[in-house]
Amino acid sequence: MKNYYVKPIVQISPCQYDRKYGIFSKQPKDETKIHCKDEDANLVLWVYDEIIAEKIAELLDIDDFINENK
């Protein structure tokens, strides 16, 4: 059984801050460990079904878009 991880991907440029949720088939590592020493730093969730992970990432992207435009 495979795990699928949903985690935010943050891209920062001089003009824009962009966050999108991505799906990983293996646990993403936070090499910089900026936020804490926990292995699951910034981990949103993990699920066993890829389709469910895709839908959750899509809903989180929509939620961020709605909150940005309020």
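Leu-59, Ile-62, Phe-65 and Ile-66 make a nonpolar surface patch of about 410 Å². Patches are built from residues with over 30% relative accessible area and no salt bridge; nonpolar side chains (Val, Leu, Ile, Met, Phe, Trp, Tyr) are joined within 5 Å, like charges within 9 Å. A salt bridge is a side-chain nitrogen of Lys or Arg within 4 Å of a carboxyl oxygen of Asp or Glu. The model is predicted: local features need pLDDT of at least 70, side-chain atom pairs count only at pLDDT 80 or more, and totals for chains, interfaces and linings use all residues. Residues are numbered from 1 along each chain as its sequence is written, and side-chain values use heavy atoms, with hydrogens and water left out.

**Overall layout**

- The protein has one helix and three strands. Helices (H or I, at least four residues) and strands (E, at least two) are DSSP runs, numbered from the N terminus.
- From the N terminus on, the order of elements is β-β-β-α.
- Of the 70 residues in the protein, 20% are buried. Buried means under 20% relative accessible area, exposed over 50%, and partly exposed in between (1.4 Å probe, protein chains only).
- Areas come from the Shrake-Rupley method with a 1.4 Å probe; for residues, only the protein chains shown count as cover.
- Take the contacts between residues at least 6 apart in sequence: 43% of them join residues at least 24 apart. A contact means heavy atoms within 4.5 Å.

**Strand pairing**

- β1 and strand β2 (residues 17-24) pair in the antiparallel sense, over eight bridges. Pairing requires that DSSP finds at least two bridges between two strands.
- These two strands, β1 and β2, form a hairpin with four residues between them.
- Ile-12 has Tyr-17 as its bridge partner in β2. Tyr-5 has Phe-24 as its partner in β2.
- Strand β1 (residues 4-12) also pairs with strand β3 (residues 45-47), again antiparallel, over three bridges.
- Val-6 has Leu-45 as its bridge partner in β3.

**The aromatic pair**

- The structure holds one aromatic pair. Tyr-5 and Trp-46 form this pair, which is tilted, at 6.2 Å centre to centre and 50 degrees between the planes.
- Tyr-5 lies in strand β1 and Trp-46 in strand β3, so the pair ties together parts that are 41 residues apart in sequence.
- For Phe, Tyr and Trp (its six-membered ring), rings pair if their centres lie within 6.5 Å; planes under 30 degrees apart count as stacked, over 60 as edge-to-face, and the rest as tilted.
- Tyr-5 is buried, at a relative accessible area of 9%. Trp-46 is partly exposed, at 45%.
- Trp-46 and Phe-24 are 22 residues apart along the chain, and their C-alpha atoms are separated by 9.3 Å.

**Ahead of β1**

- Asn-3 sits in the segment before β1. This residue is partly exposed, with a relative accessible area of 24%.
- Leaving aside neighbours within four places in sequence, Asn-3 is in contact with Phe-24, Ser-25, Val-47 and Tyr-48.
- The C-alpha atoms of Asn-3 and Tyr-48 are separated by 4.8 Å, although the two residues are 45 residues apart along the chain.

**The helix**

- Ile-66, one of the patch residues, is found in helix α1 (residues 50-68). Its relative accessible area is 44%, so Ile-66 counts as partly exposed.
- Asp-64 lies in helix α1 as well. Asp-64 is buried, with a relative accessible area of 11%.
- Setting aside neighbours within four places in sequence, Asp-64 is in contact with Arg-19 and Tyr-21.
- Ile-56 is another residue found in helix α1. At 23% relative accessibility, Ile-56 is partly exposed.
- Neighbours within four places in sequence aside, Ile-56 is in contact with Leu-45 and Val-47.
- Ile-56 and Leu-45 are eleven residues apart along the chain, with 9.4 Å between their C-alpha atoms.
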